[in-house]
Amino acid sequence: MLSRFRRIPGAVRVVLAASASTWLAACATSAPLDKAAASTQQATSPASASSAKPTYGSFGVDTAGMDPSVAPGDDFNRYVNGTWLQKTEIPADRSSFGTFTVLAEEASRRTRELIEEATRAGAPAGGEVRKLGDLFASFMDEAAIETRGLAPLQPELQRINAIANRKELAATLGDTLRADIDALNTGDLTTSRLFGLWVTQDLNDPSRYIAYLFQGGLGMPDRSYYLSEDAKLTEVRQKYQQHIVAMLRLAGLSDADARARGIFELERKIAQAHWTQVDTQDITKTNNPWPRDQFAQRAPGLDWDAYFGAADLGKQRDFGVWQPSAIMGIAKLAGSEPLPVWKDYLIFHALDRAAPFLSKAFVDESFEFYGRVLSGAQQQRARWERGVDFTSQAMGEAIGKLYVAKYFPPETQAEAERMVRNIIAALGQHIDALTWMTPETKARAKEKLSTLQVGIGYPAKWRDYSGLEIIRGDAYGNADRASRFEYRRNLNKLGQPVDRSEWFMVPQLVNALNSPQQNSIIFPAAILQPPYFDPNADPAVNYGGIGAVIGHEIVHSFDDTGAQFDAKGKLANWWTKEDAAKFKAAGEALAAQFNAYRALPDLSVNGELTLGENIADVAGVSIAYDAYKRSLGGKAAPVLDGFTGDQRFFLGFSQVWRNKYREQLLRRLLLTNEHAPSQFRVATVRNIDAWYQAFDVKPGQGLYLAPEKRVRVW
């Protein structure tokens, strides 16, 4: 993706394609929304510094945002975006602000109008449009929510309080399981529930679906937040414990301080069992089939019969286990830690997940930790924005139908499809020209490229929401039913033929993705707008903007993870030993390059964690540039406002990555996210020969790399 959707436990989510989706999503600052009911959160803000909103000039570049006093070869990001960076303040309700945010705000505004217009038209009861209106209206009815108080959650709290033994504990834990993970499409790898579930095609047999089980159970973003001795993270730990206390007190529970200590200590032990982010994304370690009848032997401590029975997975004969030692460690804790502590843990997380749909006191407390402490936001986003996000997450494709009909003309789709074909052809030429790759591996790579599926704008078939019950005035109940509806939708895949046309994003999302199992790329309608794409803009800028995004997503089929899947989406080695070694060496060189980037005084980019995205950026820009040159048909590009075509291409690439972060968010993303901060993604150009020629970059300048040091992957 441009930025993967990596949800922060306790935060509504946003990000950019798969590539992109979590630098944006991670910038969300609201209380925790349940992922299964809210998996496509857009980061929006009504206070988004209108003075900093760019005006794209005659050829599609915001030249007013540039800083010509900076030499392009010293700091290309500052050269292209420097004035914008100087003048732009992050709005109080945001943790970051940039190009994606502006587009997401516009998509959110459009979505609200679509919902309100449709409901004003008198939609029939029980239909999708009526459900959308009732869902949004229920979330917006704060008076009714305040009146009901904690009552909507009481049945769940009573079930937890009634737990009397380990079997009932396991059943209660199983009942909380949701389809809230997507490791390879949206990159969503976290859940505050004890375990996460991902129903997807089998890594070893693409013809069938399998259920993968993931580590979970943490309220903070990553194991490092519990275990690191870093002073900043130690402070966050203290505030998280205060947050647990506050939530328990809001629920009227006695002895909140002692119970909070027990809850935190249990989570700390869970964190000790967790895998690191790097290991979790290493597909060679995560492909672990487990027969159902061996769970009790391999992971003792949890009553797996009770767990899977309550999760409606009792008849499933086999599973995939993504992080085996973590599953084993967590299961052991289910059998060893005191039952009262587990009950307190379940109560706290039930409160935490429900907070966005409860009274203002719960909403505000949740924001104080997840929005302010973890992300740095100073105030909450407007209620209507959070309502749009939730509605879009619960019934995303129902809104998508309305969005596409109004905002996505056929000519935009046709032009985007033409660009995709051109860029795919450019990658094919790159493969043919590789001097280090053997003919055998080249043939397999070309085979995979030839079978790449492309989705532009919206899916070929829409999801059916007829089975989702929405009750006007029941905000929490609607959220819970939407979560269970999505869970049931995923369980229903098991035993059925694999649908290789399924979309994993909604049209109104500003993002894009690559699915290595489908061998497909998806570009939602909302990303096909300026500055990424404008049918009336200069082709150089379009290829530098959406073209580089397209190239990025295509290359994900051939990055450090995608390259391990064959043309049919099977995890299989199709490389010769010699070619694999050379590819690995290029990746190691790129990882070392990014390891040298220091984003905070005490924290650098993790080149290994971000490697797949960095490969996609480097190769994506390279093939988009070649596709742009091909599009000229041998003719010279005109000079516009003093900029050559090549210069405009690289300006178009850089301006889409302009962004500012609050320190809290930046630290969290550096620790947990597979995307480098935007300023370092812009620096990708230092590996492209054409950039040096376009801007006369010389030895001694800050970004200069000798030709032999420039990383060329594809």
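**Reading strands and helix packing**

User: Which residue of β3 is the bridge partner of Trp-198?

Analyst: Tyr-212 in β3 is the bridge partner of Trp-198. Before we go on: this is a predicted model, in which local features need pLDDT of at least 70 and side-chain atom pairs count only at pLDDT 80 or more, while totals for chains, interfaces and linings use all residues. Residues are numbered from 1 along each chain as its sequence is written, and side-chain values use heavy atoms, with hydrogens and water left out.

User: How many bridges join β2 to β3, and do they run parallel or antiparallel?

Analyst: Two strands pair if DSSP finds at least two bridges between them; strands are DSSP runs (E, at least two residues) and helices are too (H or I, at least four), numbered from the N terminus. Here seven bridges join β2 (residues 195-201) to β3, and the two run antiparallel. Strand β5 (residues 318-321) is joined to β3 by two bridges and runs parallel to it. Tyr-212 has Gly-320 as its bridge partner in β5.

User: Is β3 buried or exposed?

Analyst: Buried means under 20% relative accessible area, exposed over 50%, and partly exposed in between (1.4 Å probe, protein chains only). Seven of the seven residues of β3 (residues 209-215) are buried, so the strand is largely enclosed by the rest of the structure.

User: Now the helices: at what angle do α20 and α25 cross?

Analyst: Axes are lines fitted to C-alpha atoms, for helices over the stretch in contact, and angles run from 0 to 180 degrees between N-to-C directions. Angles under 35 degrees count as roughly parallel, over 145 as roughly antiparallel, 65 to 115 as roughly perpendicular and the rest as oblique. The axes of α20 (residues 410-433) and α25 (residues 611-631) come within 8 Å and cross at roughly 110°. These two helices are therefore roughly perpendicular to each other.

User: And what is the angle between α23 and α25?

Analyst: Helix α23 (residues 539-555) packs with α25 at about 135°, their axes 7 Å apart. That pair is therefore oblique.

User: Which helices do the buried residues of α26 pack against?

Analyst: Contact means heavy atoms within 4.5 Å. The buried residues of α26 pack against α2 (76-87), α3 (99-120), α23, α25, α28 (678-682) and α29 (689-695). 11 of the 11 residues of α26 (residues 645-655) are buried, so this helix is largely enclosed by the rest of the structure. Among them are Asp-646, Arg-648 and Phe-650.
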